[in-house]
Amino acid sequence: MSQTFSTVLTGVENGVLTITLNRPESLNAYNETMSVELAAALKAAERDDAIRCVVLTGAGRAFCSGQDLQEVRGRYAADSQGPIDFGAHLRSKYAPIVTRLRTLEKPVVAAVNGVAAGAGASFAFAADLRIAAAGASFVMAFVHVGLVPDSAATVTLQRLVGFGKAAELCFLGEKVPADEALRIGLVNRVVPDEALPAATRELAARLAAMPTRAIGLTKRALNRAWTADLGDQLEYEAFVQQTAGQTADHREGVMAFIEKRKPRFQGK
Ligand code: T3D
């Protein structure tokens with residue numbers, strides 16, 4: 001992971017890649033450059049076996065404020081040449097990020113350090129786990145700019161909090177503070193603001209020391225369960241278990257149990 005980016009910072013420590021969205025002056029608004037750099041960072045994480053957990057967070061007082069609205073305004077200049085192609089923009093700049101977050105066969109933690117708005121919230125929802133600072137919040141801001149929740153939030157948010165709450169949050173676009181987010185199941189943990197970096201490091205280190213292949217396969221099965229019926233899913237579990245059962249980490253887990261010691265998983 002030696003690439004240099006301008007809108008995201010990356011750092012690797014003990015098998016954990018931390019990706020920090022880094023445009024604090026706009027609350028880490030997502031622009032063209034960030035879309036390219038975030039995709040590249042996630043791709044590198046996918047390919048590097050030494051990375052066993054990914055943390056996504058934001059620089060400054062926000063996690064991410066979603067699409068850069070200054071950039072959207074810039075698109076209006078092209079209006080005279082026909083309607084702006086929002087669909088193409090979602091397909092090329094947002095869908096690949098969400099796809100990578102969901103298909104990366106390593107645990108992904110969103111460390112939500114401040115406000116997560118619009119697609120910024122969607123990115124947090126696409127992570128596997130969310131740990132939030134007490135001062136963090138979520139805003140389904142799309143409605144305030146006459147747009148529809150995207151980046152899979154129509155699926156992920158609904159899975160996390162249920163249809164009624166998802167509809168309320170999307171229709172009204174009210175800010176959800178961290179304590180409320182915890183109560184409704186939108187985040188896994190809330191910690192004091194100043195404790196977020198250490199709590200994230202501790203959680204990510206634990207995840208990076210787990211059997212990574214089994215977690216990756218579990219993620220595949222959880223993703224698939226979104227659309228599968230019972231019979232299909234039972235069959236799929238048998239399929240991924242066949243793979244997990246061949247890993248060194250599986251044997252290590254069993255031997256550690258029998259020998260009454262802590263397992264030392266290698267992620268293989
Ligand atoms: O094709 C497509 O592109 C469609 C895709 C859409 C995906 C989306 O994400 S749509 C939703 C886009 N995001 C928003 O609508 C959120 C806009 N921001 C806000 O509503 C508020 O900023 C927040 C609720 C996030 C935070 O409020 P607050 O009061 O804490 O901060 P602020 O004062 O509004 O913002 C601070 C600065 O960040 C300010 O700049 P300034 O005045 O200090 O120079 C503000 O303009 C800037 N900023 C915040 N969000 C964005 C932004 N600049 C550009 N784009 C932003 N999204």
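1. Cys64 has a relative accessibility of 0% and therefore counts as buried, a class that takes in residues under 20% relative accessible area, whereas exposed means over 50% and partly exposed lies in between (1.4 Å probe, protein chains only). Cys53, likewise at 0% relative accessibility, is buried as well. Please read these values with the origin of the model in mind: it is predicted, local features need pLDDT of at least 70, and side-chain atom pairs count only at pLDDT 80 or more, while totals for chains, interfaces and linings use all residues. Residues are numbered from 1 along each chain as its sequence is written, and side-chain values use heavy atoms, with hydrogens and water left out.

2. Cys64 is in no disulfide either, since its nearest cysteine sulfur belongs to Cys170 and is 16 Å away. With a disulfide taken as a pair of cysteine sulfur atoms within 2.5 Å, the count comes to zero.

3. The ligand is surrounded by 23 residues, of which Arg61, Gln67, Leu69, Arg75 and Ala119 are the closest; a residue is near the ligand if one of its heavy atoms lies within 4 Å of it. A polar side-chain atom of Arg61 is placed 2.9 Å from a ligand oxygen atom, and a side-chain N or O atom of His89 is 3.0 Å from an oxygen atom of the ligand. The protein buries 66% of the 1100 Å² that the ligand exposes when taken alone (Shrake-Rupley method, 1.4 Å probe; for residues, only the protein chains shown count as cover).

4. Helix H2 (69-75), helix H3 (86-103) and strand E6 (115-117) are the elements that give two or more residues to this shell, where helices (H or I, at least four residues) and strands (E, at least two) are DSSP runs numbered from the N terminus. The largest share, four residues, comes from H3. Lys93 is found in helix H3 and is buried at 19% relative accessibility; its side chain makes a polar contact of 3.3 Å with the side chain of Glu32. Ala95, in helix H3, is partly exposed at 35%, and its C-alpha atom is separated by 8.9 Å from that of Asp150, 55 residues apart along the chain.

5. There are five aromatic pairs, counted for rings of Phe, Tyr and Trp (its six-membered ring) with centres within 6.5 Å, and classed as stacked with planes under 30 degrees apart, edge-to-face over 60 and tilted for the rest. Phe125 and Phe138 have ring centres 5.8 Å apart and planes at 25 degrees, so this pair is stacked. Because Phe125 lies in helix H4 (residues 119-126) and Phe138 in strand E8 (residues 137-139), the pair ties together parts that are 13 residues apart in sequence. Both of these Phe residues, Phe125 and Phe138, are buried. Tyr30, Tyr94 and Phe123 form one aromatic cluster.

Methods:
A polar contact is a pair of N or O atoms within 3.5 Å; within protein, one must be able to donate a hydrogen and the other to accept it, and residues adjacent in sequence count only if both atoms are side-chain atoms.
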